[in-house]
Amino acid sequence: MANKLIGEIDLHKRISNIFAARNIITAKDALSMTEFELMELLDVGMKEIQSAVRLISEAASPPCQSARSLLEQKVENEYLLGHLPTHLKGLDSALCGGIPFGVLTELVGPPGIGKSQFCMKLALSASFPKAYGGLDGRVIYIDVESKFSSRRVIEMGLKSFPEVFHLKGMAQEMAGRILVLRPTSLSDFTESIQELKESILKNQVKLLVIDSMTALLLGENKPGAQRQQHQLGWHISFLKSLAEFARIPIVVTNQVRSQNRDETSQYSFQAKLKDGFEEHTRTYDSHLVAALGINWAHAVNIRLVLESKSGQRIIKVAKSPMSPPLAFPFHITSAGISLLSDDGTELKGPGINNIHARAKWKDRFQEHTRRYDSHLVAALGINWDHAVTIRLVLEAKSGQRIIKVAKSPMSPPLAFPFHITSEGISLLSDDGAELKGRGINNIHARGHSDMINFNGDCS
């Protein structure tokens, strides 16, 4: 509205001609100056200037609308709206149909929780025929860390929609609709997305996935948090405008980081510390925050938190204008992410924005250590955990050596018993057992059945 031409506004013809003669063409040009500046430049009286400014302001300002008129417009323009179904019934219901078009949706969670698997399932859904609940479109999948797996996408399709994927040529057609880009740097990514606007409309693209934005920024070796925030600010603005322009869902993954000692609380409405930082660490089972900071958190329209709490994976609707905060337990199978219940639990208090990666400590650390035979964690920390594409855990449990696929974008969590002979490692069975709950990330070191995983879960 600021670019509305003054010549199109119902001004007196003489005043309109004076504006044009002084090269004041748009409403923005006129309203960027004070009344005294306009009076001096146009050489007219204050009364005429005030009248002209009032008419220009009324023409440039968007009209106020009632909630009823907005609802009527929504019904009229229903074809412009829409949702990408996740095929997780409870989550789709909470989001009024799925991931909405035209907005920025974020998945945030600790490493190995299932963010990439969720994104691949969304890519499958967007490329799926409309008759079977898909969008029948193409997908642009920006795979920053090389975690996308065509094999895993096809496996999800075969297990979730066997009646469709067993049709001749269907698997190849679905996989062919997903375009995977792998930028090598932030500048490479920036050039790529700037070229996407036109191609998205031409190629019937129905979903853009960026997995992950954090890895792009961390991959830059340029120092300075201020510079990083400036770069992030530009990308936030561009992605939001791209989502609105193309009327498609844009889904971006975000990693987690350890909260700094001076960050006593991520948000003011979270739980206060009782006795300082140490009490916070003892009381809560996690000290993690979303990696991209508060400006990013404000910018995303929907935030879904994937976490692990007391051995159970959970999807939380932590931020959404269309839903209260809800939590849904889930597990990952060969068919992809599956909810254990379609009835979400409403969240209150600090649990809404907490990001859990382990179970709550029951007592003092010494008591915990006494009751369990191991307190093992992966040594290289959370940034390393995020960076590795595949994590295989080799452990000993109840006298049996086991190889576990604890993190992989191309497989559900699996466990294979093995032993070591003169020929090396040999599997006792080629049929891996699917893992659920706290057993996925456990690192056991001896035969006792009560152990603790590298995220602190008791099993």
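Where is serine 212 found?

Serine 212 is found in a loop. That loop runs between strand S6 (205-211) and helix H13 (213-218). The model is predicted. In this model, a cis peptide bond joins serine 212 to aspartate 211. Its omega is about 0°.

## Aromatic rings

A pair of aromatic rings is described by two things: the distance of the centres and the angle of the planes. The structure holds five aromatic pairs. One of them is formed by phenylalanine 128 and tyrosine 132. Their centres are 6.2 Å apart, with 70° between the planes. The pair counts as edge-to-face because the angle is over 60 degrees.

How do the two partners compare in accessibility? Phenylalanine 128 is buried, at 0% relative accessibility. Tyrosine 132 is partly exposed, at 38%. Both residues belong to one aromatic cluster, together with Phe161 and Phe165.

## Two positive phi values

Aspartate 136 has a phi near 55°. That is a positive value in a residue other than glycine. Aspartate 136 is found in the loop between helix H7 (115-127) and strand S4 (138-143). Its relative accessible area is 38%, so aspartate 136 is partly exposed.

Serine 146 also has a positive phi, near 55°, and is likewise not glycine. Serine 146 lies in the loop between S4 and helix H8 (150-160). With 42% relative accessibility, serine 146 counts as partly exposed.

Notes
Residues numbered from 1 in each chain as written. Predicted model: local features only at pLDDT ≥ 70, side-chain atom pairs only at ≥ 80, totals over all residues. Heavy atoms only, no water. Phe/Tyr/Trp six-rings, centres within 6.5 Å; stacked < 30°, edge-to-face > 60°. Buried < 20%, exposed > 50% of the residue type's maximum accessible area, 1.4 Å probe, protein only. Helix = DSSP H or I, 4+ residues; strand = E, 2+ residues; numbered from the N terminus.
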